[in-house]
Amino acid sequence: MTTPPLHRLTNRDPDTRRGDCAVCGPRVRIEEVKSSNGRSKWRCDSDTNPRRLRRLKKRGLPNITQAQIDTALEKQNGICAICLNRAATHRDHCHATDKFRGMLCHQCNVVLGLVYDDPDVLRRAATYLES
C-alpha cells in the first residue's frame with residue numbers, strides 16, 4: 001500500500017485563508033484545525049487531502065467538494081449569503097438531507113444552528129423585530 005503524499009503548507013495567509021500546498025499547488029484554500037491542546041494548525045482544504053476527508057467523515061459532515069465551495073463563493077462574491085456583510089467562511093448544509101446550501105459567516109451559521117434550521121422560528125423572530 002502506498003502512502004499518500006503529504007499536503008504540507010508553505011506561505012500560508014490566515015487572513016485570506018489561502019496558502020501554498022506541496023501537492024495541490026499555490027493559493028489553495030486552507031482551514032484552521034484546533035488540536036486537543038488548543039493549538040491551531042493550518043491544513044490544505046483540498047478534496048484530495050486524506051486528513052481532511054478523514055476528519056469530515058469522523059465528524060459526520062457531508063462531503064462538500066472544493067468545487068461546490070468555490071462556486072458558492074464566486075456566486076456570493078465571497079460574502080455571507082444571509083447578512084451580506086461579512087466574509088463567508090462556513091459551509092452551510094441541510095442536516096436532514098446533507099445538501100450543501102451555501103457559504104455563511106460564523107455569526108449567521110450560529111444563528112441557524114440555534115433555531116435548528118427552522119424557517120418558522122426565523123419568521124416569528126423577524127415579525128417580533130419589526131413590531
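Guide: Accessible areas come from the Shrake-Rupley method with a 1.4 Å probe, and for residues only the protein chains shown count as cover. By this method the chain exposes about 9300 Å², of which carbon and sulfur atoms supply 53%. This is a predicted model, in which local features need pLDDT of at least 70 and side-chain atom pairs count only at pLDDT 80 or more, whereas totals for chains, interfaces and linings use all residues. Residues are numbered from 1 along each chain as its sequence is written, and side-chain values use heavy atoms, with hydrogens and water left out.

Visitor: Which pattern does the chain follow along the sequence?

Guide: Helices (H or I, at least four residues) and strands (E, at least two) are DSSP runs, numbered from the N terminus. The chain has four helices and six strands, in the order β-β-β-β-α-α-β-β-α-α.

Visitor: How many of the five residues of strand β6 are buried?

Guide: Buried means under 20% relative accessible area, exposed over 50%, and partly exposed in between (1.4 Å probe, protein chains only). In strand β6 (residues 100-104), four of the five residues are buried, so the strand is largely enclosed by the rest of the structure. Of the 131 residues of the chain, 31% count as buried.

Visitor: In which sense do β5 and β6 pair?

Guide: Two strands pair if DSSP finds at least two bridges between them. Strand β5 (residues 90-93) and β6 are joined by four bridges in the antiparallel sense, with Asp 92 opposite Gly 102. Six residues lie between the strands of this hairpin, where Asp 98 takes a positive phi near 65°.

Visitor: Which residues does Ala 72 touch?

Guide: Contact means heavy atoms within 4.5 Å. Ala 72, in helix α2, touches Phe 100, Gly 102 and Met 103, leaving aside residues up to four places away in sequence. Ala 72 counts as buried because its relative accessibility is 9%.

Visitor: Is Leu 84 buried or exposed?

Guide: Leu 84 counts as exposed, at 54% relative accessibility. Leu 84 belongs to the loop between α2 (66-75) and β5, and its C-alpha atom is separated by 9.1 Å from that of Cys 105, 21 residues apart along the chain.

Visitor: What span should helix α4 have?

Guide: The expected span of a helix is 1.5 Å times one less than its number of residues. For the twelve residues of α4 (residues 119-130) this gives 16 Å, which agrees with the 16 Å between its end C-alpha atoms. The number of buried residues in α4 is zero, so this helix lies largely in the open.
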